[in-house]
Amino acid sequence: MQEILQYLFSGITNGAIYAIIAIGFSMLYNSTELINFAHGEFVMLGSLCMVTFFGSMHLPLIPAMILTITCVAVAGLIFERLAIRSVKHPEPIVLIIITVGASIFLRGIGMIIWGKDAHSIPAFSSHPPLDIAGAKLLSQSIWIIVIFLVAAVGLQLFYKKTLTGKAMEANAISKRAAWIVGIPSKLMVMMAFGLSTAMGGVAGVIIAPITMSSYDMGTMLGLKGFCAAMLGGLGSLWGALVGGFLLGILEAFGVGFVSSGLKDATAFLLLLFILYVRPGGIISSADTNRF
Amino acid sequence: MLEVTRYRPMMIILSILAIACLLITTPAISESEKNTYKIGGIFAVTGPASFLGDPEKKSMEMVVDQINASGGIDGHMLEAVIYDTEGDPGKANLLATKLINKDNVIAIIGPSTTPTTLAVMPIIQRIKIPFISCAAGNKIVAPINPWVFKTAQSDILAVAAIYENLKSKKIKKISIISVNNAFGESGKEQLLSQAKNFGLTVAKSETYGAKDTDMTAQLTKIRKDNPEAIVCWGTNPGPAVLAKNMQQLDLNIPLFQSHGVASPKFIELAGSAAEGIMLPTGKILVASLLSDSDPQKEMLTAYISEYKNKYKSSVSGFGGYAYDAANILAAALKNSEGDKEKIREALENTEGYVGVSGIFNFSKTDHNGLSPEAFVMVKIKDGKWELLK
């Protein structure tokens, strides 16, 4: 029982990280039908900015977080403006290859600024781990889950309650129809980029204290987040949540009950199975397809 | 016909130039009394393994400069031809061929990693040229290839050093967690195969991914067996994550790490979780703590200060692999007159050479030449290294 609970906690922590990354993928796919393979690199940027602001410059926690997320979002906007919008014939395959190129570029930038070594920062708060029936829940895990909930609820409110959010959703459903009613589609796409990369920044911020940040950490995280998004159903907020947590928890139980050598394999085999049974992901019916 | 006549003046000029070149260069060769010895170096100077290759290149250049400054070897000057493999086995193979065919080197030092070394070895075997690798993998010298030597300590020795320590603590049951790449696999193999010789049983052998963010699941699994010690085999940052997770789970089991994390960076990454961790390391990391009677102390102090003065950067044990290789090679070049078979024989008969990585005694059956004494066990206390006896 104690073990099962511990595996579950470990899974939930990793799952929340995967879910936030998956939301970034999903959001952008929704607005632009583009899969941003540089997304993991924005997570890396977030994590390393946090190392600079919180670890080296010793800013208070909240300003450091806000500054980091702003930096990453600005990087995302610059990326959209310079690399994506300037493409003459924006075919999906061209854009996707551009994002792959951008990921290599960003990794290089990260290596030049922060060096090749890994960095670590202290946990956000130094509470001892919570003891629940013999299993330990780390204080950083609680931070991760709380920040994740704030981000998810905030996004949901933004899309459903604000005019800008509704305009973005409209633009996602039909660019042409949105344009006819006077929604500036270019601005909306830009905002989607900003929001999506900001989510990447959030993911980077929350994982910086539990793992070591280095310039090459983004690729694997991006891949896991992408899998989570596919698992849940690309383009759906709830799909990203379900996919992320499922992937994280399955990985943890895979380690516990199958083999740690097969950790990634256990999760990816399930992904193959689900995609075989439900090619669109777990949540993929027409009306839940959009935010 | 017109074409030919148009090119004729050009041909004449070129011929004159060619002859002029010959006239200029020929005296230059005969002028110096003895030809220079060209030795090749191939290191991963850039790329992911540059933390190995960069100090190796610098150390090799340092040795060559020192030898030339003191008059060379038997009057022959040394010239180092160094290329960058970028850690790519394919490139390493091409560059080794280039060193042999184009640069006509008489011996090769490097490459930095086990995969690149294994890629170069078939050429060495065919061409028969003295070769000293700076990589750790034991496969390089087992089985023995007459032309291949290596200066980096094998993980066999690191495992032996840890197990000696466990044995002295009367520990019987351990669990292993290793990273799932070549370094971890090779370490795991040694840990499992040597356990019996030291009367140890391995309760669990777990793995983790090099980029994993959380290892509490593996630790939970390990905890079930109540091992008396945990041995972790990996390079930064994984082992630091593991140390942090152990602290968070309140797991008070002695933790042993590999020599792969033997650098101040590990203490920085793991923070307070590094306290009490024990690991084997080459002596260079703790040179200032060694007793004055230690045979390596003098040479280590000299190497560290020379390197720091010349390159204004902190020293690592990795440069020492190339430093030892270049010095051993220089010693073997004496009285060889550049004959490859003579160099090889001299290398194989190297005895009692005191180097950065240990004391080398090469023989027909041992082309690494180091003993477990090449490693010392250290413990991290108050964020500093402490020698264990």
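A: The expected span of a helix is 1.5 Å times one less than its number of residues. The model discussed here is predicted.

Q: How do you know that the length of helix α5 of chain A agrees with its 23 residues?
A: At 1.5 Å a residue, residues 139–161 should span 33 Å. The end C-alpha atoms are 32 Å apart, so the two values agree.

Q: Why is Glu206(B) called buried?
A: Its relative accessible area is 4%. The cut-off is under 20%, so Glu206(B) counts as buried. Glu206(B) sits in strand β7 (residues 201–208) of chain B.

Q: What is Glu206(B) in contact with, leaving aside its neighbours within four places in sequence?
A: Within chain B, the contacts are Ile176(B), Ile177(B), Ser178(B), Gln218(B), Lys221(B) and Ile222(B). Ser260(A) is in contact with Glu206(B) too.

Q: What makes the pair Asp216(A) and Lys211(B) a salt bridge?
A: The rule asks for a side-chain nitrogen of Lys or Arg within 4 Å of a carboxyl oxygen of Asp or Glu. Here the N to O distance is 3.1 Å, so the pair qualifies. Across the interface of chain B and chain A, the rule finds 1 salt bridge.

Q: How many residues does each chain bring to the contact, and what area is buried?
A: Chain B gives 25 residues and chain A gives 33 residues. About 2,500 Å² is buried between the chains. Carbon and sulfur atoms give 52% of that area. Lys211(B), Thr213(B) and Gln248(B) supply 22% of what chain B buries against chain A, more than any other three residues.

Q: Why is that area used for the size of an interface?
A: The size is often given as the accessible area lost when the parts come together.

Q: What makes β2 and β5 of chain B edge strands?
A: The sheet is open, with 5 strands in the order β2-β1-β3-β4-β5 (chain B) and parallel pairing. Strands β2 (78–84) and β5 (148–150) each pair on one side only. Neighbouring strands are turned by 25° against each other on average, direction ignored.

Q: How do you know that β4 and β5 of chain B pair?
A: Pairing needs at least two bridges. Strand β4 (residues 131–133) has 3 bridges to β5(B), so the two count as paired. They run parallel.

Q: Why is strand β10 of chain B called mostly covered?
A: For β10 (residues 278–282), 5 of its 5 residues are buried. Met278(B), Pro280(B) and Gly282(B) are buried on one side, and Leu279(B) and Thr281(B) on the other. Both faces are covered.

Q: What does β10(B) pair with, and in which sense?
A: Its partner is strand β13 (residues 375–381) of chain B, in the antiparallel sense, over 5 bridges. In β13(B), Met377(B) is the bridge partner of Pro280(B).

Technical notes:
Residues are numbered from 1 along each chain as its sequence is written. Chains are lettered from A and ligands numbered from 1 in the order in which they are written. This is a predicted model: local features need pLDDT of at least 70, side-chain atom pairs count only at pLDDT 80 or more; totals for chains, interfaces and linings use all residues. Side-chain values use heavy atoms; hydrogens and water are left out. Helices (H or I, at least four residues) and strands (E, at least two) are DSSP runs, numbered from the N terminus. Axes are lines fitted to C-alpha atoms, for helices over the stretch in contact, and angles run from 0 to 180 degrees between N-to-C directions. Contact means heavy atoms within 4.5 Å. Buried area is the accessible area (1.4 Å probe) that two parts lose on being put together, summed over both. Buried means under 20% relative accessible area, exposed over 50%, partly exposed in between (1.4 Å probe, protein chains only).
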